[in-house]
Amino acid sequence: MNIKTLLQTTAAALLVAGTTIFAVQPANADALEDIAKAGQINVGVFADFPPFSSASADMSLKGYDMDVAQAIADALKVKLNPVPVTGQNRIPYLTDKRVDLLMSVGYSKEREQVIDFAAAYAPYYIAVIGPAELKVAGKEDLADKSIAVNRGTLEDTSLTEAAPAGADIKRFDNYNAVIQAFISGQTQLMVVGNDVGAQVLARQEALKPEQKFQLLTSPSHIGLNKSEDGLKKVINDTVAAMLTDGRLSKSSEAWLKVPLNPENLKD
């Protein structure tokens with residue numbers, strides 16, 4: 001066998017081998033096809049995260065996240081299957097394809113190395129809350145006020161950075177203590193995330209609490225696996241439609257007790 005024949009034979013063998021190798025590799029599954037075939041979309045949600053998602057009287061999950069997840073399922077014409085997740089297991093659940101997407105995911109560069117992010121759909125911010133009769137418009141008005149905050153949290157850090165000299169910051173070890181200090185009059189104000197704040201706004205009618213101003217904004221996104229452009233488009237289109245027709249604001253009023261400010265969906 002001469003060199004030319006040997007090279008031709010080797011090349012042919014490599015071509016066959018390469019074809020075989022590529023043939024046994026599974027094609028990248030498309031999430032939209034999988035969802036349509038299953039007839040349902042598996043959505044990772046926190047099972048105890050009011051007012052975004054929590055068990056209702058009939059034990060089904062309800063909340064802001066569930067409204068948006070249902071709208072996505074409706075857009076895909078499939079059943080919504082909420083899957084309870086935790087902060088520790090939810091990214092593996094997504095990458096292992098035990099769920100098709102995740103609700104309430106804060107954007108970070110570290111997470112972006114592993115998963116993709118669809119549109120911001122839910123406001124998350126840290127707010128100063130006080131009774132309607134107390135005039136507080138900005139951080140300068142905190143100078144002579146007593147303020148309850150959860151010790152060692154992002155709320156604590158944000159308040160400490162913003163508060164002027166003379167602010168009386170009272171730190172507590174949990175959110176229940178923060179809320180109790182505020183509603184009992186031990187402090188004039190409290191600083192909490194809008195998830196905690198919504199519960200107080202909904203229940204304390206006599207106190208008439210209201211949001212005074214925001215200290216930090218970090219909207220929640222919907223997380224999905226990388227290279228799922230079709231699913232990402234459906235999610236983005238659904239969120240845009242809900243924003244345009246008022247459904248997102250209606251859900252915000254129902255669960256967060258305030259109209260949706262589109263500015264709060266900007267990173």
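Student: Leaving aside residues up to four places away in sequence, which residues does G197 touch?
Tutor: Quick heads-up: this is a predicted model, where local features need pLDDT of at least 70, side-chain atom pairs count only at pLDDT 80 or more, and totals for chains, interfaces and linings use all residues. Numbering starts from 1 along each chain as its sequence is written, and side-chain values use heavy atoms, with hydrogens and water left out. Contact here means heavy atoms within 4.5 Å. Skip the residues up to four places away, and G197 touches I129 and V192.

Student: Is G197 buried or exposed?
Tutor: The cut-offs, using a 1.4 Å probe on protein chains only, are under 20% relative accessible area for buried, over 50% for exposed, and partly exposed in between. G197 has a relative accessible area of 1%, so it counts as buried.

Student: Where does G197 sit, and how far in space is it from Y125?
Tutor: G197 belongs to helix α8; helices are DSSP runs of H or I with at least four residues, strands are runs of E with at least two, and both are numbered from the N terminus. Along the sequence, G197 and Y125 are 72 residues apart. In space, though, their C-alpha atoms are separated by 10.0 Å.

Student: Which element gives the largest share of the lining of the second largest pocket?
Tutor: A pocket is an open set of points on a 1 Å grid over the protein atoms alone, where a 1.4 Å probe fits and protein lies on both sides within 12 Å along at least five of seven lines; lining residues have an atom within 4 Å of a point. Two helices, α8 (194-203) and α10 (247-255), each supply at least two lining residues here. Among the lining residues are A198, Q199, A202 and R203, along with S54 and W255. The largest share, 4 residues, comes from α8.

Student: S54 is in that lining too, so where is S54, and which residues is it in contact with beyond four places in sequence?
Tutor: S54 has its place in strand β3 (residues 53-55). At 18% relative accessibility, S54 counts as buried. Beyond four places in sequence, its contacts are A47, D48, F49, S60, L61 and K62.

Student: Why does the length of α3 agree with what a helix should span?
Tutor: The expected span is 1.5 Å times one less than the number of residues. α3 has 13 residues, so it should span 18 Å. That agrees with its end C-alpha atoms, which are apart by 19 Å.

Student: Which residue follows α3?
Tutor: Let's walk along the helix: its buried residues include Y64, D65, V68, A69 and L76. After α3 comes a residue whose phi is positive, near 60°. That residue is K77.

Student: What share of the protein chain is buried?
Tutor: Zooming out, the chain has 10 helices and 13 strands. Among contacts between residues at least 6 apart in sequence, 69% join residues at least 24 apart. Of the 267 residues in the chain, the buried share is 43%.
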